[in-house]
Structures are given as C-alpha cells and as structure tokens.
Amino acid sequence: MKSYKPLIGWILALAAINWGLVGLMGVNLVEMVLGAGTTLTKAAYVLVGLVGVYKLYLILGGGGKK
C-alpha cells in the first residue's frame, strides 16, 4: 500500500499558500477555482480541516511506533 503522507503534505502546503494569499492580498484561490460558497468549496475546507486534525494527531504522538 502506498503512503498517503505525501498527499497530506501537499494538501497542507496548498492550504498554507492559500491562507498566505488571503492574508497578503485578499485572494482566495479555493473560491476562485471552485466558486464561492459552493458545495465543492465547503468540501475542500472540510478536507483541509480533517487533514490538519490528523497531522496534529501525528505531531502529538498518535499512531507512532512503539
């Protein structure tokens, strides 16, 4: 089974870039690409949130080798 860790890294990197653009220039790439307030946009935000929670779980020691 292939590792999903690179995918998680890419999602978090893109989310960070998007938030940086929102903060610096008021440009939201997610809404530009998927449409403001669409179901797809909401799903993208939920996905990023879930990935963030999972990454925090890993950082705090969850799922580690014993």
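Which residues form one aromatic cluster? The cluster consists of Y4, Y54 and Y57. The structure holds 2 aromatic pairs (ring centres of Phe, Tyr or Trp, the last by its six-membered ring, within 6.5 Å). The model is predicted, and local features need pLDDT of at least 70, side-chain atom pairs pLDDT 80 or more, whereas totals for chains, interfaces and linings use all residues. Residues are numbered from 1 along each chain as its sequence is written, and side-chain values use heavy atoms, without hydrogens and water.

A nonpolar patch on the surface is formed by W10, L14, I17, L29, M32 and V33. Together these residues have about 690 Å² of accessible area (Shrake-Rupley method, 1.4 Å probe). Patch residues have over 30% relative accessible area and no salt bridge, and nonpolar side chains are joined within 5 Å. A salt bridge requires a side-chain nitrogen of Lys or Arg within 4 Å of a carboxyl oxygen of Asp or Glu. Helices α1 (5–25) and α2 (29–34) each give two or more residues to the patch (helices are DSSP runs of H or I, at least four residues). L14 lies in α1. L14 counts as exposed because its relative accessibility is 53% (exposed is over 50%, buried under 20%, partly exposed in between).

N28 sits in the loop between α1 and α2. Its relative accessible area is 18%, so N28 is buried. A polar atom of the N28 side chain lies 3.0 Å from the backbone nitrogen of V30. Leaving aside residues up to four places away in sequence, N28 touches N18, V22 and Y45 (heavy atoms within 4.5 Å).

Conventions: Patch = residues over 30% accessible without salt bridge, like charges linked within 9 Å, V, L, I, M, F, W, Y side chains within 5 Å. Buried < 20%, exposed > 50% of the residue type's maximum accessible area, 1.4 Å probe, protein only. Phe/Tyr/Trp six-rings, centres within 6.5 Å; stacked < 30°, edge-to-face > 60°. Polar contact = N/O pair within 3.5 Å; in protein donor to acceptor, adjacent residues only side chain to side chain.
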